[in-house]
Amino acid sequence: MVCPCGSSKNYDECCGPYHTGQAKPPTAEALMRSRYAAFVRADIDYIQNTLAPESRGDFDENGVREWATKSKWRGLEIKKTEKGGENDSTGVVEFIARYSVGGQSFDHHEISDFRKEATTGQWFFVDGRTVEPLERTTVVREGPKVGRNDPCTCGSGKKYKKCCGA
């Protein structure tokens with residue numbers, strides 16, 4: 001079975017060993033991918049266990065389980081990573097998790113912070129910030145459009161393309 005994290009690797013060679021505890025994700029991105037795969041598989045214990053201890057206080061196990069099982073997971077796109085390598089102690093991963101609930105599609109765009117525990121080498125998810133989609137606005141020109149062959153607006157008497165438009 002192909003791993004749901006989007007790596008194109010077999011699950012047993014990708015996120016599977018992380019989920020079973022046989023291995024630890026070596027990077028912040030690997031933890032992010034394994035957490036996404038855990039949501040797909042509704043492995044709520046893994047999701048909770050990879051939260052930083054200070055982030056577990058408001059974890060709603062039943063709510064997360066319901067959301068994970070009712071969602072149809074459509075893919076993970078890693079947009080950008082900052083640090084988070086094997087030799088780093090912190091990292092940031094920007095991603096888009098795509099899913100559907102009740103026939104409606106959603107794109108969850110987030111920038112997540114990760115921290116690696118120095119003594120154990122275990123990466124933890126610390127916090128995430130949702131990235132709101134940009135609102136598209138229509139630009140309305142206030143003055144008349146100046147064409148390339150129109151007289152320049154500066155009053156030089158030259159064509160716009162040979163003057164201020166050059």
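Modeller: Ser8 lies in the segment before helix H1, which spans 16-20. Bear in mind that this is a predicted model. The backbone at Ser8 deserves a check: its phi is near 70 degrees, a positive value in a residue other than glycine. Is Ser8 buried or exposed? Ser8 counts as exposed, because its relative accessibility is 65%, over the 50% cut-off.

Now the cysteines. How many disulfides does the structure hold? The count is 0. A disulfide is a covalent bond between the sulfur atoms of two cysteines. The cut-off used here is 2.5 Å between the sulfurs. Take Cys3. The closest cysteine sulfur to its own belongs to Cys15, at 3.6 Å, so the pair is too far apart for a bond. Then take Cys5. Its closest cysteine sulfur sits in Cys14, at 3.6 Å, and that is therefore too far for a bond. What about their exposure? Cys3 is buried, at 4% relative accessibility. Cys5 is buried, at 0%. Both values fall under the 20% cut-off.

Lys83 belongs to strand S1, residues 72-83. Its phi is near 55 degrees, again positive in a residue other than glycine. Lys83 is exposed, with a relative accessible area of 65%.

Next, the largest pocket. Its volume is about 560 Å³. It is lined by 24 residues, and those closest to its centre are Arg35, Phe39, His108, Glu110 and Phe125. Which elements each supply at least two residues of the lining? They are helix H2 (28-40), helix H4 (61-70), strand S2 (90-101), strand S3 and strand S4 (123-130). S4 gives the largest share, 5 residues. By type, the lining divides into 14 nonpolar, 5 polar and 5 charged residues.

Ser112 is in strand S3, residues 104-116. It is buried, with a relative accessible area of 0%. Its side chain makes a polar contact with the side chain of Glu110, at 2.5 Å. Glu110 is one of the residues closest to the pocket centre. Which residues does Ser112 touch, leaving out those up to four places away in sequence? They are Gly91, Val92, Val93, Phe95, Phe125, Asp127 and Gly128. Phe125 in that list is another of the residues closest to the centre of the pocket.

Last, Ala166. Its place is in the segment after S4. Ala166 counts as exposed, because its relative accessibility is 79%. Beyond four places away in sequence, Ala166 touches Tyr160 and Lys161. How far is Ala166 from Val40? Their C-alpha atoms are separated by 55 Å, and the two residues are 126 residues apart along the chain.

To draw it together: Ser8 is exposed, with a positive phi. Cys3 and Cys5 are buried, yet the structure holds 0 disulfides. Ser112 is buried in S3, in side-chain polar contact with Glu110.

Notes: Residues numbered from 1 in each chain as written. Predicted model: local features only at pLDDT ≥ 70, side-chain atom pairs only at ≥ 80, totals over all residues. Heavy atoms only, no water. Buried < 20%, exposed > 50% of the residue type's maximum accessible area, 1.4 Å probe, protein only. Helix = DSSP H or I, 4+ residues; strand = E, 2+ residues; numbered from the N terminus. Polar contact = N/O pair within 3.5 Å; in protein donor to acceptor, adjacent residues only side chain to side chain. Contact = heavy atoms within 4.5 Å. 1 Å grid on protein atoms, 1.4 Å probe; cavity = no way out; pocket = protein on both sides within 12 Å on 5 of 7 lines; lining within 4 Å. Points joined across faces, edges and corners; volume = space filled by probe spheres on them. Nonpolar A, V, L, I, M, F, W, Y, C, P; charged D, E, K, R; others polar.
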